[in-house]
Amino acid sequence: MKRFSAPRAGIRRKPLSLLSLPVFAFLVVPTLIVVPVALNNSRYITFPPDGISLAAVQGFFADPAWTSALSASMQAAAIAVVLGVVFGASAAIGLHGRKFPGQQAVVGLVLAPMIVPTVVLALAFYQFFISVGLVGSIVPIGLAHAVIATPYVYLTTRASLAGLNPALVRSAQSLGAGTLSVFRHVHMPVILPGLISGALFAFSVSIDETVMSLFMQSPGATTLPVKMFTDIQFNLTPKIAVSSALLVTVATIGLLIQVVYVLKRRSTARMMPLAA
Amino acid sequence: MAQATLARARPGAGGPPSGAPPKRRRRAGWLLLLAPVVVFDVLLFLTPLGKLIGSSFTGGAYARVLADPLVTRSLVNTLSIALTSTAVTVVLGYVIALVLWRSGTVMRVILFAVVLLPFWTGILVKNFAWAVLLQDNGLVNGFLHNIGLINAPLPLLHNRFAVIVGMVHCLLPYAVFPIFSSLAAIDGRLALAARSLGAREAAVFRRITLPLSAPGISAAGLLVFIISTGFFITPVVMGGPGDMMIANEIDYYARQLTDFPGAAALAVILTVLVSIIAAVYQRVLKAGGQHETL
């Protein structure tokens, strides 16, 4: 099918590609621009840069306000990834190939945190954690991130489980394999790519999350995006650019892992995280 | 969108096991796998949301916030900004999805990466980059000045225009995915048949590609609109004082006024408003679709 349409498609491909070039540039240029801005040889934000230097990067890592923000972000992300993977993956396995009354409700509950606006959740968590007395540390922020990260891990794990015939699980069980053994030998090899991709998602969701972390911030628990958000409102400084470049680097690594995986599998459909 | 895929339940999966005793044991095992996530979400998702809704009904919060002219203004801002950015996003998203759809495999992976990089990057980073580009001595103003088009910098930042640019940039990937899915589902032989009957490319697009990708367009529109109503960071970083949206008002009530019931009432109003609009939208679409098939 594709082979037939290709030569004809070639005729009209050009004008459309030219037309779409600014749209693709609009998408990617602002994301990448933070890297040269961060390496700018100037005390102020300028673009194009005056020259390349690592002064701003050194300044970032020498500033305890920024390094503690980085460490707070890492702690929150660690909580979100561990809890998100455990809860999301166990939900996907538990729901795989099953039908029981109330199943739709469970699936709805697992996915629901994705659709509630973050600001509504931020307010709800803010109120809730104050009422239970869990404030002033990174723990409530990590827990809140785990709530919104879990559905992503669930979706990626569910997508990788789609190719697994539930009969395999039953045959393993009928041959005497226990639950743990079934998990290790039947589920694990199949879901591993989904787990890795889900963990990357959970990490990315947590490290970029701003609104909930802003509501629940405290002197010891100010994450990188919160520090950036607070500073941006006063001035655009090179340290914000360094922090942005750091986050873009993390995003690029996540993306590259995904691209390598897709090229291996030769399936571009897997690149669409939300269609999982 | 995520919920739409739920409807596709696997038929015939989890068929009846042979013996009764192992069945009970197995089912208990699998339900045990669901327990952690259910307990976690009930404790840390439903309970906070329930408390939020409960607190919105205390102390006449609804009457108080609805009498606040700033709230009315932010509601109007939210609807107008969300509708504008949704329209722009869907048009640009369609162009991107179309190009993705027509590219070969390698090009498709590269272009997908271009779409996914901003998707993986946080809103704050993207808005910061836009602020750098659009500020008075930023790249855009510098370029326009250098080619002699302007003498004084254009006010590109801290206004409605900037908010919409920043939001469209964040929303684009969400529009591309559903539109691309619906394009990918189109039977390529339809276009071949049309061309063999003498249809020009414009006619093929207008009468085959566009109508058959309509479900993707409407799904993208709904998803993007729902996401856009909750924006909080972009109005602060890129907007002016007159561009605050409902999420900013929630923040103001919660953290500046420390009026939790008021903030909770606003959060409920936002959620209800978006749900109503989504329901009406889907009903209108359904009616339109039925009309088309007649």
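How many residues of chain B are in contact with how many residues of chain A? I looked this up and found 84 residues of chain B in contact with 88 of chain A, contact being C-beta atoms, placed from the backbone, within 7 Å.

I note that this is a predicted model, in which local features need pLDDT of at least 70, side-chain atom pairs count only at pLDDT 80 or more, and totals for chains, interfaces and linings use all residues. Residues are numbered from 1 along each chain as its sequence is written, with chains lettered from A and ligands numbered from 1 in the order in which they are written.

I then examined the side of chain B that touches chain A. Helix H1 (residues 20-56) of chain B gives its largest share, 18 residues; helices are DSSP runs of H or I with at least four residues, numbered from the N terminus.

Next I turned to B:Val140. This residue lies in helix H6 (residues 139-146) of chain B. Beyond residues up to four places away in sequence, B:Val140 touches B:Leu133, B:Leu134 and B:Leu156. The C-alpha atoms of B:Val140 and B:Leu156 are separated by 8.8 Å, the two being 16 residues apart along the chain.

Last, I checked A:Ala202. Leaving aside neighbours within four places in sequence, A:Ala202 is in contact with A:Ala80, A:Val81, A:Gly84, A:Val85, A:Ala149, A:Tyr152 and A:Val153.

How values were computed. Two residues are in contact if their C-beta atoms, placed from the backbone, lie within 7 Å. Helices (H or I, at least four residues) and strands (E, at least two) are DSSP runs, numbered from the N terminus.
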